[in-house]
Amino acid sequence: MIVRTAENSFQKGIGALKNGDPLEAMAYFEAAMRHDREVNRDAPNMKYQSYFGLCMARVSDKAGEAFRLCSQAADAEFYNPDVFLNLGKVALLRGDRRRAHRAFRRGLEIDVSHAELRSEMQRLGMRRRPLFRFLDRGHVLNRLAGQLLGTLTAAT
């Protein structure tokens, strides 16, 4: 009965998230986590935690904590592409495109046909190789050269 309650809360949270209410969804995911931990103390269902972390990142300034929760979920449920989707979304909310790309790519390794993961990867876009490959991508010369090339490409 408690497992059913946890899953019901989770489904209501998914509905609230789809309706654009992450605060309400967060409450449902928290309830799902609480109910699930009453039954599965040793191995809780980490998808609840993953979605809770996603909502936390959207509604509060605790993106670091949210990223930690989603990372734990991804480590525990390494076979679930949805937890990698959430991890990538939280990384984007933190401004960390590299980790987001890595999470989305890992999710697609699990399920290549996952529509939302594919959409997020497409939205991120492809990056060109740095002009000076022997230097780090963030090096000032690569950044300036990339900006100049971007400007020249946009002008043509």
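Me: How much space lies in the largest pocket?
Reply: The largest pocket holds about 360 Å³ of space, the volume being what probe spheres set on the points would fill. A pocket here is an open set of points on a 1 Å grid over the protein atoms alone, where a 1.4 Å probe fits and protein lies on both sides within 12 Å along at least five of seven lines; lining residues have an atom within 4 Å of a point. Please note that the model is predicted, with local features needing pLDDT of at least 70 and side-chain atom pairs pLDDT 80 or more, while totals for chains, interfaces and linings use all residues. Residues are numbered from 1 along each chain as its sequence is written, and side-chain values use heavy atoms, without hydrogens and water.

Me: Which residues lie nearest the centre of the largest pocket?
Reply: They are R128, P130, R137, N142 and G146, out of 14 lining residues.

Me: And what does that lining look like by class?
Reply: The lining of the largest pocket has five nonpolar, five charged and four polar residues. Ala, Val, Leu, Ile, Met, Phe, Trp, Tyr, Cys and Pro count as nonpolar, Asp, Glu, Lys and Arg as charged, and the others, Gly among them, as polar.

Me: What about the second largest pocket, what is its volume?
Reply: Its volume is about 250 Å³. Eleven residues line the second largest pocket, and R98, H101, G125, R127 and R137 are the closest to its centre.

Me: How do α6 and α7 cross?
Reply: The axes of α6 and helix α7 (residues 115-124) come within 9 Å and cross at roughly 145°. Axes are lines fitted to C-alpha atoms over the stretch in contact, and angles run from 0 to 180 degrees between N-to-C directions.

Me: New topic: at what angle do α3 and α4 pack?
Reply: Helix α3 (residues 46-59) and helix α4 (residues 63-76) pack at about 160°, and their axes are 8 Å apart. That makes α3 roughly antiparallel to α4 (an angle over 145 degrees).

Me: Which residues meet there?
Reply: Those of α3 include F52, L54 and M56, and those of α4 include L69 and C70. The contact of α3 with α4 has ten nonpolar, four polar and one charged residue.

Terms used. Helices (H or I, at least four residues) and strands (E, at least two) are DSSP runs, numbered from the N terminus. Angles under 35 degrees count as roughly parallel, over 145 as roughly antiparallel, 65 to 115 as roughly perpendicular and the rest as oblique. Contact means heavy atoms within 4.5 Å.
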